[in-house]
Amino acid sequence: MLNFDAALYGFRQAKGQMKVIFNTRPVAEVMADRSFPDSLKKRIELIQEIKQFAIDSLGLNQSKNYTTFYNQHGKPILWVITASEPFALKAKKWHFPIVGTFSYKGYFEKQLADTEITELKKEGFDTQLNEVSAWSTLGYLKDPILSSMLYYSDGRLAALIIHELTHGTLFVKDNLEFNENLADFIGDYGAIRFLTYKYGKDAQQLKDYEFSKKYNDAYSRHLLNGAKKLDSLYNGFSKKLSKEQKTSLKSGLIQKIISSADTLMHGTLKPLRRKPKPNAQINNAYFVGFMTYQSKQNQFEEEFRVKYSKNFKLYLKYLKEKYSGSLVF
C-alpha cells in the first residue's frame, strides 16, 4: 500500500507531467507557424530524422514520442535529486510503482526539490541537484520535443533522442544502472552512426562528437577510478576516527581526484557536459551519478563487439530476450 508521502509525490509528478502535455503543440502545427523561426524548424526536422533512423537502422521501438513540442521559454523543466551515504558510495533508493527502484528522484517544481534536498542533508546524506534536459515516460505518454533541445549540437541531440528512445524500447525493473548504462551506450553508438549516415565519415559534426565522446569517456573513467579510491578510503576508516577527521580525509581525496582531471588528454579542455561547473559541490552523490550511468559501458561494448560482431539489431534482440521476464513493458 502506498504511504501518504509516496501518493503525494506521485500526484505532484502527474500534475507536472500533465502541465507539460497540455501545453504542447503538435509538431505539424509548429512547422506551419510562420512566426516560428526557420532555423529552429530545421532542428525539429533533424529530430524527426534522428528518430526515424533509430527506428529503421537501430531497431528501436516505434512511438509517438517527439510528435509534439513544448516551449520552455528559457526555463528549466525538471530537477533530479541524487543522494548518497556520507562515508560510503551507497546511493539512497526510492521505490515507485510499476517501474521499480531508482537512485534518483525528479521534481517539476524546484522549490519541492530544494525542500527535499534540505531534509536529506539534515539526515546526513551527501546530495546533488541537477537540471534535466529530457526524460522518458517509457511509452506511457507522448514525450515532447523540448525547446532547449533545439540548441544542442547535432551529435549531442542525436545521442539524447536515441538515449530516451532506448528507455522506451527496453527498460528493466529495479535495475537502474543497467537501464542508464545501456541507454548511454546506445545513445553514443547511435549518434555516431547517424552522423556518419547523414554527413559522411569525414564530417566535422562527426569529428566534434567523437572528440567530445573521447574526452567524456576519459573523464568518466577517471571518476570511476576515483570512486574506487574513495571506496578503499571509506572501508579503511578506523572506528577511532571522528566525523570531522573522516570528512577531512574524504574532502582531500575528492579535491585531488577532481583537480587531477585537468591532465586528461594532455590538458585539452573544452566546455564538455560531464565536467562539473565551477564552484560545484563535489561529494559522494556526484560519484554515485557516474557509477549509475557509466560503470557498465565496457561490458556492453565488449559484448556487442565480440559476441555479436557489431550487429546491433541482433544484439538488441538478445537483450530483449535475456531480460524479457523483468521488463517494465
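Biologist: What radius of gyration does the protein have, and what would a compact globule have?

Modeller: The model is a predicted one. For 329 residues, a compact globule would have a radius of gyration near 20 Å, and the value for the protein agrees with this. The C-alpha atoms fill a box of roughly 70 × 50 × 45 Å along the principal axes. The radius of gyration of the protein is 21 Å.

Biologist: What share of the residues is buried?

Modeller: A residue counts as buried when its relative accessible area is under 20%. The protein exposes about 17,600 Å², of which carbon and sulfur atoms supply 52%. Of the 329 residues, the buried share is 47%.

Biologist: How many positive and negative side chains are there, and how far apart are the centres of the two sets?

Modeller: There are 49 positive and 34 negative side chains in the protein. The distance between the centres of the two sets is 2 Å.

Biologist: What distance does helix H3 reach from its first C-alpha to its last?

Modeller: Helix H3 covers residues 38-58, which is 21 residues. At 1.5 Å a residue, the expected span is 30 Å, and the span in the model is close to that. After H3 comes glycine 59, with a positive phi near 85°. From first C-alpha to last, H3 reaches 29 Å.

Biologist: Which elements do the buried residues of H3 pack against?

Modeller: The buried residues of H3 include Leu40, Ile44, Ile47, Phe53 and Leu58, and among them are also the charged residues Lys41, Arg43 and Lys51. Their packing partners comprise both helices and strands. The strands are E2 (68-70) and E8 (145-146), and the helices are H2 (27-32), H5 (154-167), H6 (176-199) and H11 (312-322).

Biologist: Is glutamine 72 buried or exposed, and which residues does it touch?

Modeller: Glutamine 72 is located in the loop between E2 and strand E3 (79-84). Its relative accessible area is 10%, so glutamine 72 is buried. Residues up to four places away in sequence aside, glutamine 72 touches Ile77, Leu146, Ser147 and Ser148.

Biologist: Which residues is glutamine 17 in contact with, leaving aside neighbours within four places in sequence?

Modeller: Glutamine 17 belongs to helix H1 (residues 4-22). With a relative accessibility of 9%, glutamine 17 counts as buried. Its contacts beyond those neighbours are Phe108, Trp135, Thr137 and Leu141.

Biologist: Why does isoleucine 98 count as exposed?

Modeller: Isoleucine 98 sits in the loop between strand E4 (94-96) and strand E5 (100-102). Its C-alpha atom and that of lysine 173, 75 residues apart along the chain, are separated by 7.9 Å. Exposed requires a relative accessible area over 50%. Isoleucine 98 counts as exposed because its relative accessibility is 55%.

Biologist: What is the phi of serine 309, and what is that of lysine 310?

Modeller: Serine 309 is in the loop between helix H10 (297-307) and H11, and lysine 310 is also in the loop between H10 and H11. Serine 309 counts as exposed at 60% relative accessibility, and lysine 310 counts as exposed at 52%. Neither serine 309 nor lysine 310 is a glycine, yet phi is positive in both. Phi is about 45° for serine 309 and near 65° for lysine 310.

Methods
Residues numbered from 1 in each chain as written. Predicted model: local features only at pLDDT ≥ 70, side-chain atom pairs only at ≥ 80, totals over all residues. Heavy atoms only, no water. Rg over C-alpha atoms; globule rule 2.2 N^0.38 Å. Buried < 20%, exposed > 50% of the residue type's maximum accessible area, 1.4 Å probe, protein only. Areas by Shrake-Rupley, 256 points an atom, 1.4 Å probe, with all protein chains shown as cover. Charge placed at Lys NZ, Arg CZ, Asp CG, Glu CD. Helix = DSSP H or I, 4+ residues; strand = E, 2+ residues; numbered from the N terminus. Expected span 1.5 Å × (residues − 1). Contact = heavy atoms within 4.5 Å.
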